[in-house]
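Welcome! Please take a moment with the sequence and the 3D view below, and then try the exercises.

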Amino acid sequence: MCKRAKIAAVAVILAASAFISGCGLFGKGKEKLDPPQDVTYLKEGEDLDNTLEETASDKETTSDKETTGEEKADTVMRDLYLIDRNGMVVSQTLPLPKTESTAKQVMEYLVADGPVAEILPNGFRTVLPAGTTMDVDIKDGKAIVDFSEEFATYDAKDEKKILQAVTWTLTQFESVKSVELRMNGHQLNEMPVNGTPIGEEGLSRQDGINMDDSTAVDITNTRPVTVYYLAQADDEVYYVPVTRRISNKEQDDVAAVVKELADGPGMMKGLASALTGDVKLLESPKVEEGVATLNFNESIFGSDEKSIITDAALQSLVLSLTEQKDIKSVSVLVDGKAGLANEKGEPLTAPVSRPEKINAVRY
């Protein structure tokens, strides 16, 4: 199955999901959303740790370079977590003007009717109320965001989405591990409209995103994992992070992530999985020196042509597994053998690391 056919198949699944939920997925607009393209492959003999250290240290500076081919010299690609037409909080990588106040800038681009209005992708909306201003100060790994009083005018149904979007947007920077919210100089222990509590230690990605606990009978005996499903805007597919609860009886987080991807998003509207339900691991995953090695059955193949794994399946696995702190890259085997290739026919001779940008917008 070629890439075009794979996307078409995903579109059918998504359209069916939309039909069930009564919500259409398609709309007209000139903006296009592209799946991630910038996968990092390690060369033979190249040291994984050194490569990752260089990538991490340059995380804020490398995006100042031409990372998409369409980025201009006076812009830089930044991740903004917006709300899509299905109500999901999703990263969109957009070109922003270069500035020294990067953390404050990304917050300003989350404000309705603000500077993001000219580049807002079709089908997406911002999370902060119009007129909101803020100051951002980063100290000891924590971003302290002090909002103006306009912040408290948001719709109650967006409260948790705001927490997630602000947290995940700011933690794209290596210097930010957690986020503290204030309003008019006073620390917020709970959100001002609907009272969602905010921990004293602040917010982090460990708090999750697009929470789905529908399958958890007893939440107290579960733990969260974040997986990436697929959604569609116009004719393009993008990746959506979803935090699900898995039973504490599941001892292996890596195997649990693969199972969640294979089981699919359930009744969550507008989402589909890049892995089919018959995809199985033939043995327990191995994690060594930051590399997760997965040995699948042949159902992982995305076409009748053996040894080909679809970009969507590979990206979903890499994005989902690298959300875990001890995993930096993923190696895929089939029946214990290496030698897979991506859709371009390029052999996957080394572990695949997380792409720098996830859903880059192309104009």
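This is a predicted model: local features need pLDDT of at least 70, side-chain atom pairs count only at pLDDT 80 or more; totals for chains, interfaces and linings use all residues.

**Exercise 1. Find how the helices α5 and α6 pack, and describe their contact.**

Step 1. Locate the two helices: α5 covers residues 253-263 and α6 covers residues 311-321.

Step 2. Look at their geometry. The axes lie 10 Å apart and the packing angle is about 140°. Angles over 145 degrees would count as roughly antiparallel, so α5 is oblique to α6. The crossing of this pair is right-handed.

Step 3. Pick out the residues that touch. From α5 come V254, V257, V258 and L261, and from α6 come S316, L317, S320 and L321.

Step 4. Sort these contact residues by kind: six are nonpolar, two are polar and none is charged.

**Exercise 2. Work out how the length of α4 compares with the expected span, and where its buried residues pack.**

Step 1. Helix α4 runs over residues 159-170, which gives 12 residues.

Step 2. From the first C-alpha to the last, α4 reaches 17 Å, close to the 16 Å expected at 1.5 Å a residue.

Step 3. Now turn to burial. In α4, 10 of the 12 residues are buried, leaving the helix mostly covered. Among them are I162, L163, V166 and W168.

Step 4. Find the partners. The buried residues of α4 pack against the strands β3, β4, β6, β7 and β9, and also against helix α3.

**Exercise 3. Decide whether N297 is buried or exposed, and list its contacts.**

Step 1. Check the accessibility. The relative accessible area of N297 is 16%, and buried means under 20%, so N297 is buried.

Step 2. Set aside the neighbours within four places in sequence. N297 is then in contact with D278, V279, K280, L282, V334 and D335.

**Exercise 4. For N184 and E289, give the phi value and say how exposed each residue is.**

Step 1. Start with N184, in the loop between β7 and β8. N184 is not a glycine, yet its phi is positive, at about 55°.

Step 2. The relative accessibility of N184 is 48%. Exposed means over 50%, so N184 counts as partly exposed.

Step 3. Move to E289, in the loop between β11 and β12. Its phi is near 50°, again a positive value in a residue other than glycine.

Step 4. E289 has 71% relative accessibility, so this residue counts as exposed.

Definitions and conventions
Residues are numbered from 1 along each chain as its sequence is written. Side-chain values use heavy atoms; hydrogens and water are left out. Axes are lines fitted to C-alpha atoms, for helices over the stretch in contact, and angles run from 0 to 180 degrees between N-to-C directions. Helices (H or I, at least four residues) and strands (E, at least two) are DSSP runs, numbered from the N terminus. Angles under 35 degrees count as roughly parallel, over 145 as roughly antiparallel, 65 to 115 as roughly perpendicular and the rest as oblique. A crossing is left-handed if the near helix is turned anticlockwise from the far one by less than a right angle, and right-handed if clockwise. Contact means heavy atoms within 4.5 Å. Ala, Val, Leu, Ile, Met, Phe, Trp, Tyr, Cys and Pro count as nonpolar, Asp, Glu, Lys and Arg as charged, and the others, Gly among them, as polar. Buried means under 20% relative accessible area, exposed over 50%, partly exposed in between (1.4 Å probe, protein chains only). The expected span of a helix is 1.5 Å times one less than its number of residues.
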